[in-house]
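Good morning. Please have the sequence and the model open while I talk.

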Amino acid sequence: MKKHIPILESCTLSDSNKNQILIEKFAPYLKKNTNMVFPHRHNFYHLVIFTQGSGYHTIDFQKFPVTAGQIYFMAPGQVHGWHFDDEVDGFVVNFDKGYYESFLLAADKIDQFSFFNGIAEDGVIQLEEGLKNEVLTLFESLYKEVNTTEMAYWDLTRTLLLHIFMLIEKGNTKGEPSQKPNYNFTIVKNFQRLIEKHFATHRLPSEYAELLYITPNHLNAVCREHLGNSAGEIIRNRIILEAKRLLVLDHLTISEIAYALNFKDNSYFSKFFKKQVGASPEEFRRGREW
């Protein structure tokens, strides 16, 4: 008999500092938040860098092995859980969506980092030794500024965190184009960002092509070239991912999930889900494993 899996829809950042940012050593954080090993979702940005440990973590229904020197990033709304085989440590950082609003000219700058795009595999990065040491030094400085000084300088904490992001983005080659036109690669990235905003209301490649000022055929071509799937498949995959995220929230009915995703009725949603997943929403909910 399968155990009921508790889901935390939102988690507090901290009991102090007005929820601006939390940074803690991971081992004591885990001991204080034992329920975090179960699948849950955040309404804030979340990242962990491991300095030791093994096991795996599951992000949006994909499993990733835990190793020292690995860092993972999660955007608001993603679902994840942990399973550790031995003692783990590192740093954990949580920060609110509005943390950079008055600091950066572009309010959506954080979302433009490749590891915060909401795609699970893009958010899990194994750091090379030199970069790992540089990043860990910045984490130590950030930890000290937030937790051990009498008065934290919040602009400095934002700068330190932004420095970490920029170093990792610069050093991360995952998802970068090799010998492909930059213009087409930019189209793909903009398409993915638009899907994140509109997947519940825009279902057709033509709707996104119009927003991108290109033809549907061009959009399909660049998606197949860079992502290996048609634009329609990418849109459908994003809808299915959100459906799965909602299905692990046991208090939501199938009809409520269908309504949240703008399906005209429960039957249409169930047929769509089964065609894509190979199981009905009810079967997925009963049989999910972490």
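Start with the hairpin that β4 and β5 form, with 2 residues between the strands. One of the turn residues, D60, has a positive phi of about 45 degrees. F61 is also in the loop between β4 and β5, and its phi is near 75 degrees, a positive value in a residue other than glycine. F61 is partly exposed, at a relative accessible area of 24%. On that scale, buried means under 20% relative accessible area, exposed means over 50%, and partly exposed is in between, using a 1.4 Å probe and protein chains only.

Before going on, some ground rules: this is a predicted model, where local features need pLDDT of at least 70 and side-chain atom pairs count only at pLDDT 80 or more, while totals for chains, interfaces and linings use all residues. Residues are numbered from 1 along each chain as its sequence is written, and side-chain values use heavy atoms, with hydrogens and water left out.

Strand β4, residues 55-59, runs antiparallel to β5, and 5 bridges join them. I59 has Q62 of β5 as its bridge partner, and H57 stands opposite F64. Two strands count as paired if DSSP finds at least two bridges between them. Strands themselves are DSSP runs of E, at least two residues long, and helices are runs of H or I, at least four, both numbered from the N terminus.

Which strands make up the open sheet, and in what order? There are 4 of them, in the order β2-β7-β4-β5, with antiparallel pairing. β2 (40-41) and β5 (62-66) are at the edges with a single partner strand each, so one side of each has no neighbour in the sheet.

Now the whole protein. There are 10 helices and 9 strands. Of the 290 residues, 50% are buried.

The largest nonpolar core has 34 residues, and F95, I110, F139, L161 and F165 have the most contacts inside it. A nonpolar core here is a set of buried Ala, Val, Leu, Ile, Met, Phe, Trp, Tyr and Cys residues joined through side-chain atoms within 4.5 Å. Elements that each supply at least two residues of this core include β8 (89-95), α2 (129-147) and α3 (154-171). A second, separate core has 33 residues, among them I187, A209, A243 and L261.

I110 touches Y45, F95, Y100, L104, F116, L162 and F165, leaving aside residues up to four places away in sequence. Contact means heavy atoms within 4.5 Å.

Buried residues of α3 include R158, L161 and F165. The buried residues of this helix pack against β1, β3, β6, β8, β9 (124-126) and α2.

Y213, in the loop between α5 (205-212) and α6 (216-227), has a phi near 60 degrees. Y213 is exposed, with a relative accessible area of 78%.
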